[in-house]
Amino acid sequence: MQKKISNLPFKGTPEQEKLLRAVIAKANGDKSQLMAVMQEAQEIYGYLPYEVQQIIAEGLDVPMEKVYGVATFYAQFSLSPKGKYNISVCLGTACYVKGAGEVLDKICEILGVQPGECSADGKYSVEACRCIGACGLAPVMTINEEVYGRLTADMIPDILAKYQ
């Protein structure tokens with residue numbers, strides 16, 4: 001599944017940039033520290049927008065293409081911010097055959113976003129995942145740490161209403 005680039009404008013703060021530049025300085029020009037710097041950058045910002053990738057590339061003197069390649073290759077990195085409510089729908093085999101695709105479609109329809117995106121108000125982010133290990137409750141989704149199982153698409157409006 002291809003990662004989506006954020007559809008929201010970058011809203012980094014000077015404090016965040018100062019923290020990121022300190023992380024880069026700590027790496028002391030060691031290009032082998034790219035992953036570690038990117039991990040810390042994601043902790044600072046919550047995701048790795050283009051602007052942050054540029055700062056990392058310039059700070060470590062590595063090509064932007066390399067930073068972007070690492071960000072898109074490893075599942076641990078996100079190119080989009082997470083919403084206040086991060087919704088993850090399992091599309092593993094057990095969930096998928098029991099209707100997870102319809103559940104995901106209903107969520108996207110109601111919120112007006114696609115998987116990998118964050119709503120314009122920053123309230124919701126939606127992602128599809130492979131397996132969360134709750135196959136007996138299929139289909140399953142999580143909203144932050146809350147798990148919802150044995151879902152049907154017609155249950156989604158009432159569940160999302162709890163987060164309005």
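Trainee: How much space lies in the second largest pocket?
Mentor: About 280 Å³, counted as space filled by probe spheres set on the grid points. A pocket is an open set of points on a 1 Å grid over the protein atoms alone, where a 1.4 Å probe fits, with protein on both sides within 12 Å along at least five of seven lines. This is a predicted model: local features need pLDDT of at least 70, side-chain atom pairs 80 or more, while totals for chains, interfaces and linings use all residues. Numbering starts from 1 along each chain as its sequence is written, and side-chain values use heavy atoms, without hydrogens or water.

Trainee: Which residues are closest to its centre?
Mentor: Pro9, Lys11, Tyr45, Tyr47 and Pro81, out of 15 lining residues (an atom within 4 Å of a point). The lining has eight nonpolar, four polar and three charged residues.

Trainee: New topic. At what angle do α1 and α2 cross?
Mentor: Roughly 165°. α1 spans residues 14-27, α2 residues 34-45, and their axes come within 10 Å. They are therefore roughly antiparallel (over 145 degrees). The crossing is right-handed.

Trainee: Which α2 residues make that contact?
Mentor: Val37, Glu40, Ala41, Ile44 and Tyr45, with heavy atoms within 4.5 Å. On the α1 side, Leu19, Leu20 and Val23 are among them. By class, the contact has nine nonpolar, one polar and three charged residues.

Trainee: And how far apart are the axes of α2 and α4?
Mentor: 11 Å, at about 65°. That makes them roughly perpendicular (65 to 115 degrees). This crossing is right-handed.

Conventions:
Axes fitted to C-alpha atoms, helices over the stretch in contact; angles between N-to-C directions. Helix = DSSP H or I, 4+ residues; strand = E, 2+ residues; numbered from the N terminus. Parallel < 35°, antiparallel > 145°, perpendicular 65-115°, else oblique. Left-handed = near helix turned anticlockwise from the far one by under 90°. Nonpolar A, V, L, I, M, F, W, Y, C, P; charged D, E, K, R; others polar.
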